Amino acid sequence: MSYLEALTVAPTDTIHLAMQKINNNGMRAVIVVEDATVVGTVSDGDIRRALLNDVLTITPVSGIMQLNPRVITVSDTRGRKDIILRHNLTLLPVVDATNHLVDVELAYDPF
Amino acid sequence: MRHSLLVVSQHLLPAFGSTVKEIEREGIKISDRLYSVFDGYTPATMAKSTGALIMSLTDSFVRLRPDWVLVLGDRGESLAAAYTATTMNIPVAHVQAGERSGNVDGMTRHAITRFAHLHFASGEEAAERLGRMGEEEWRICTVGAPQLDELRRRMFAPPEQIAAQFEIDLEQPLLLVLQHPVTEDFGQGAEQMRITLDAVCELKAQTVLVFPNSDAGSEDIRRVLGTYRLPFMRVERNLPHYVYAGLMNVATAMVGNSSSGIIEAPLMGLPAVNVGDRQRERARAGNVIDVPHDRDSIVSALHRAMSMEFREQLTADSPYLGDGQVSERILSALRTTAIDSRLMTKRIVY
């Protein structure tokens, strides 16, 4: 898959698929996208907490994803690293005015 | 009084906030966890889920041999428990009996009344209705609405905790959105939510939105919620009542079709814009502004609800009795009511 594909999942995708993508993208998280809109994020931590709650990996990620992910607008170019550091993020979705995903700011180079 | 708590259906599902954890955190002992919800959230899967629950409840009742089964409100799960218990000759007590909701839940509540041996009414109006339905006078106890006990005693999260948890500026207006799919309007839930969200976006206020329940149509609503995200909106799965009440305490207004806008919000002096028919039959206090599913109507109602003039003329009065003694009255009735053939043999007296 392409790197962008490895960074995103659909809300109906399973936790298992999210884990595979996280395995491939090196950023310990994926962004949940529906109709090109950012609707959530799923991190290794979210999955760990779900497994501790006996949630099966065939469950859609919509059931466990972070519903209020931090995002930044495409026009805000200066605050990105700051937000990433302050909130200990590995990635920061960059969206346009209608919350569509246009780019992803990474905390570090995964390669 | 010894009790066994059965936690069923939505409470057990992560997609609805795993509210069973809230119960566990309180240290309340749970006797059984009964998984019964079929995926799909259509009218058909709702019906099938009720059947699955009856099967599990039967085994629980055989094992626990309760003296009373206590059910609440107007949900299919409560009807499943009332039906199963009565069939097994176990007396049933029903909290929030005799109210009118305004959709299929109203029919369910009515059906539960027929399977219940003791009715706990939240106020005079509900008690009178039970009498008119032909229930014997001595089975009807006017005790009040139990959830109001907590609000009366101000048992909810303080403003600082709410501000921290939801990243809210308490100095600025705050809107609370709770909209459930209406079972009779199946297929329209998404459109109705879109209309409400269009209106909410016009206000550009801090907004906290709580996910709908697992009724038929809730999947469509969630999909709309997902694609409608805006920077000032926070989405939450089910919230513990302690936290939810804390939100009501600091909110400027609430909008949607939740019964809490009709029953609980008046006690907190919180204006509620009620959209559509889901709560049409419930008695209303002065805090409720009713509007149809129309963006402009909702917007103007919200402006009015959030205005100083409207908020100032509200009294912290609910048409539902809640003086802090409701739980005591229910316990007392359960302790003192004799379980005999008079209780178990129901007569309908018109």
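Student: Arg65(B), buried or exposed?
Tutor: Arg65(B) is exposed, because its relative accessible area is 68%. Exposed means over 50% relative accessible area, buried under 20%, and partly exposed in between, with a 1.4 Å probe and protein chains only.

Student: What should I know about the model and the numbering?
Tutor: This is a predicted model, in which local features need pLDDT of at least 70 and side-chain atom pairs count only at pLDDT 80 or more, while totals for chains, interfaces and linings use all residues. Residues are numbered from 1 along each chain as its sequence is written, chains are lettered from A and ligands numbered from 1 in the order in which they are written, and side-chain values use heavy atoms, with hydrogens and water left out.

Student: OK. Where is Arg65(B) in chain B?
Tutor: Arg65(B) sits in the loop between helix 2 (43–64) and strand 3 (69–72) of chain B. Helices (H or I, at least four residues) and strands (E, at least two) are DSSP runs, numbered from the N terminus.

Student: What is phi of Arg65(B)?
Tutor: Phi of Arg65(B) is near 45°, a positive value in a residue other than glycine. In chain A, Asp35(A) has phi near 50°, which is again positive in a residue other than glycine.

Student: And where is Asp35(A) found?
Tutor: Asp35(A) lies in the loop between strand 2 (29–34) and strand 3 (37–43) of chain A. With a relative accessible area of 61%, Asp35(A) is exposed.

Student: Stay with chain A. How many helices and strands?
Tutor: Chain A has four helices and six strands. Their pattern along the sequence is α-β-α-β-β-α-β-α-β-β. The radius of gyration of chain A is 13 Å, close to the 13 Å that the globule rule gives for 111 residues, so chain A is as compact as a globular protein of that length. That radius is taken over C-alpha atoms, and the rule is 2.2 Å times the number of residues to the power 0.38.

Student: Which strands of chain A form the open sheet of three?
Tutor: The order is 4-5-6, with mixed pairing. Two strands pair if DSSP finds at least two bridges between them. Strand 4 (72–73) and strand 6 (101–106) of chain A are at the edges, each with a single partner strand, so one side of each is left without a neighbour in the sheet.

Student: In what sense do strand 4 and strand 5 of chain A pair?
Tutor: Strand 4 of chain A and strand 5 (residues 91–95) of chain A are parallel, over two bridges. Thr73(A) stands opposite Val95(A) in strand 5 of chain A.

Student: Now chain B. What's in it?
Tutor: Chain B has 15 helices and twelve strands. The globule rule gives 20 Å for its 350 residues and the radius of gyration is 20 Å, so chain B is as compact as a globular protein of that length. Buried residues make up 54% of chain B, and 42% of the 111 residues of chain A count as buried.

Student: Which way do the residues of strand 11 of chain B point?
Tutor: Ala272(B) and Asn274(B) point one way from strand 11 (residues 272–275) of chain B, Val273(B) and Val275(B) the other way, and all are buried.

Student: What does strand 11 of chain B pair with?
Tutor: Three bridges join strand 11 of chain B to strand 10 (residues 253–256) of chain B, in parallel. Four bridges join strand 11 of chain B to strand 12 (residues 288–291) of chain B, also in parallel. Val273(B) is the bridge partner of Val255(B), and Asn274(B) stands opposite Asp290(B) in strand 12 of chain B.

Student: And strand 9 of chain B, which way do the residues point there?
Tutor: Met233(B) and Val235(B) point one way from strand 9 (residues 233–236) of chain B, with Arg234(B) and Glu236(B) pointing the other way, and all are buried. Strand 9 of chain B runs parallel to strand 8 (residues 206–210) of chain B, joined by four bridges. Thr207(B) stands opposite Met233(B).

Student: Last one: where is Glu171(B)?
Tutor: Glu171(B) is in the loop between helix 7 (159–166) and strand 7 (174–178) of chain B. Glu171(B) counts as exposed, at 69% relative accessibility. Glu171(B) and Ser341(B) are 170 residues apart in sequence and 60 Å apart in space, C-alpha to C-alpha.
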